[in-house]
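Thanks for coming, everyone. I'll take charged pairs, then pockets, then cores. Have a look at the model first.

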Amino acid sequence: MKEEIIIAGFGGQGVLSMGKILAYSGLMENKEVSWMPSYGPEQRGGTANVTVILSDERISSPVLNAFDIAIILNQPSLEKFESKVKPGGILIYDGYGIHHAPTRKDIDIYSIDAMNTAIEMENSKAFNMIVLGGLLKVKPMVTLENVLLGLKKSLPERHHKLIPMNEQAILKGMEIIKKA
């Protein structure tokens with residue numbers, strides 16, 4: 001098993017933390033893991049992306065030119081990364097930040113209405129966990145139990161009270177993702 005993933009969007013959408021939680025979850029399952037963030041100096045509001053590799057075998061390089069899975073949360077990221085999904089790969093996007101939907105026919109495309117769902121849940125910070133839930137429904141590469149352990153590891157202790165809400169968001173994301 002080897003999954004090469006790019007998560008891309010605006011700073012402040014929880015892109016980097018989603019990648020970090022996925023990486024911690026992989027560590028909990030004794031997988032080889034690479035987590036490589038990339039963001040501009042503007043952080044909040046600028047574009048950000050993170051590359052995560054989860055593998056049963058050693059990872060030779062964290063630098064990738066093509067991905068098995070792309071999670072796309074805004075139009076600039078779609079324009080940059082849609083073409084870099086390997087044929088037969090997966091692209092997941094939230095239509096909230098997308099003006100022109102993905103068009104490739106050689107990959108599986110899923111949409112998730114995460115932003116509107118987060119607003120309905122009255123918790124915009126749950127957005128990234130809804131998206132993560134959608135990913136885990138489509139490609140269960142780590143268990144929910146280990147994602148929750150990863151959350152506990154990546155959140156400061158003062159925020160551990162938010163873990164049940166994050167679990168609800170993940171489960172909601174598993175419910176609402178659909179093939180585009």
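**Charges, pockets, cores**

Start with Glu4: this residue is buried, with a relative accessible area of 9%. Buried means under 20% relative accessible area, exposed means over 50%, and partly exposed is in between, using a 1.4 Å probe and protein chains only.

Some ground rules. This is a predicted model, where local features need pLDDT of at least 70, side-chain atom pairs count only at pLDDT 80 or more, and totals for chains, interfaces and linings use all residues. Residues are numbered from 1 along each chain as its sequence is written, and side-chain values use heavy atoms, with hydrogens and water left out.

So what does Glu4 form a salt bridge with? The partner is Lys2, with the closest N and O atoms 3.5 Å apart. A salt bridge here is a side-chain nitrogen of Lys or Arg within 4 Å of a carboxyl oxygen of Asp or Glu. Lys2 is partly exposed, at 40% relative accessible area. Lys2, Glu4, Asp68 and Lys86 are linked in a network of salt bridges.

How many salt bridges are there in the whole structure? The search finds nine. Two others are on my list. Arg104 pairs with Asp106, the closest N and O atoms being 2.8 Å apart. Arg104 counts as buried at 17%, while Asp106 is partly exposed at 38%. Next, Glu29 and Lys31 meet at 3.7 Å, N to O. Here Lys31 is buried at 14%, and Glu29 is partly exposed at 21%.

Now the pockets. The largest pocket has a volume of about 880 Å³. The search runs on a 1 Å grid over the protein atoms alone: a pocket is an open set of points where a 1.4 Å probe fits, with protein on both sides within 12 Å along at least five of seven lines, and lining residues have an atom within 4 Å of a point. Grid points are joined across faces, edges and corners, and the volume is the space filled by probe spheres set on the points.

This pocket is lined by 30 residues, and Gly12, Gln13, Gly14, Ser17 and Asn128 lie nearest its centre. Elements giving two or more residues to the lining include helix H1 (15-28), strand S2 (32-39) and helix H4 (127-138). Helices (H or I, at least four residues) and strands (E, at least two) are DSSP runs, numbered from the N terminus. H1 gives the most, with five residues.

The second largest pocket has a volume of about 180 Å³. Its lining has 14 residues, with Ile6, Asn49, Thr51, Leu64 and Phe67 nearest the centre. Which element gives the largest share of that lining? S2 does, with three residues.

Last, the cores. A nonpolar core is a set of buried Ala, Val, Leu, Ile, Met, Phe, Trp, Tyr and Cys residues joined through side-chain atoms within 4.5 Å. The largest has 38 residues, and among those touching the most other members are Leu22, Ile71, Val131 and Leu135. H4 supplies the largest share of this core, eight residues.

Take Leu135. Leaving out residues up to four places away in sequence, Leu135 touches Leu22, Ile69, Ile71, Ile92, Met141 and Ile177. Contact means heavy atoms within 4.5 Å. A second, separate core has 15 residues, including Leu64, Phe67, Val85 and Tyr93. Leu64 and Phe67 also lie nearest the centre of the second largest pocket, with Ile6, Asn49 and Thr51.
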